[in-house]
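Please examine the sequence and the model shown below. The paragraphs that follow lead through confidence, fold, charge pairs and surface.

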Amino acid sequence: MNHTARRIGRSLALVLPVVLVLSGTFAVSHVNWSGNPADSVLTASSEDASVPAKPRAAHDVLRDKLLLELHEKDPGEALTSLQRAVDRKPSLARHCVSLARALGKAAVKTYGATRAQSFARPVCDTSFASGVAQFG
């Protein structure tokens, strides 16, 4: 019994200092010594969590919705939804060209250039077709 306790004590005497040195080295290496918050490894904890997230722009939300619709249904449905959204909310008209081009790009990735071109229609001055041609 005395021999076993001695062996455990010796093992701890060898292992414990190594564990302490390694854990201390690890802790020191993750401290932001520069004083610049951008260099911090713990960037999530350094930001003010009480600041609310900025609301997304309407055209960004619409783009995500249209791209999802393009993948779930087809580009024709997404273009029809784009036209309806612009008709309902005219302030989106200035983003119509970029939205239609994004749909064209996504259609090429999903359907290939030839099939994507078959969905083209005169929404936003044929920007969908130019998006297909540009990325196809």
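**Confidence and overall fold**

In this predicted model, the mean pLDDT is lowest in helix H2 (residues 43-46), at 51, and highest in helix H3 (residues 58-72), at 93, among the elements of the protein. Over the whole protein the average pLDDT is 81, and 81% of the residues reach a score of at least 70. Where pLDDT is low, the predicted coordinates should not be read in detail. With its mean of 51, helix H2 has the lowest value among the elements, whereas the mean for helix H3 is 93.

The secondary structure comprises seven helices and zero strands. Read from the N terminus, the order of elements is accordingly α-α-α-α-α-α-α. The protein has 136 residues, of which 25% count as buried.

We turn next to the charge pairs. How many salt bridges does the structure hold? There are two. One of them joins arginine 63 to aspartate 60, with the closest N and O atoms 3.1 Å apart. Both residues belong to helix H3, and because they are three residues apart there, about one helical turn separates them. Arginine 63 has a relative accessible area of 22% and is therefore partly exposed. Aspartate 60 is likewise partly exposed, because its relative accessible area is 27%; the cut-off for a buried residue is under 20%.

The other salt bridge links aspartate 64 with arginine 56. Here the closest N and O atoms lie 2.3 Å apart. Aspartate 64 has a relative accessibility of 38%, so this residue counts as partly exposed.

The surface also carries a patch of positive charge. Which residues gather in this patch? They are Lys65, Lys73, Arg84 and Arg88. Arginine 84 is placed in helix H4, which spans residues 75-88. Its relative accessibility is 52%, and arginine 84 therefore counts as exposed, given that the term applies over 50%.

A patch of another kind is nonpolar. Leu14, Val15 and Val19 make up this surface patch, which covers about 290 Å². Leucine 14 lies in helix H1, formed by residues 2-29. Is leucine 14 buried or exposed? With a relative accessible area of 65%, leucine 14 is exposed.

Taken together, the model presents seven helices, two salt bridges, a positive surface patch that includes Arg84 and a nonpolar surface patch that includes Leu14.

Conventions. Residues numbered from 1 in each chain as written. Predicted model: local features only at pLDDT ≥ 70, side-chain atom pairs only at ≥ 80, totals over all residues. Heavy atoms only, no water. Patch = residues over 30% accessible without salt bridge, like charges linked within 9 Å, V, L, I, M, F, W, Y side chains within 5 Å. Areas by Shrake-Rupley, 256 points an atom, 1.4 Å probe, with all protein chains shown as cover. Salt bridge = Lys/Arg side-chain N within 4 Å of Asp/Glu carboxyl O. Lys, Arg positive; Asp, Glu negative; His and termini not counted. Charge placed at Lys NZ, Arg CZ, Asp CG, Glu CD. Helix = DSSP H or I, 4+ residues; strand = E, 2+ residues; numbered from the N terminus. Buried < 20%, exposed > 50% of the residue type's maximum accessible area, 1.4 Å probe, protein only. pLDDT = per-residue confidence, 0-100.
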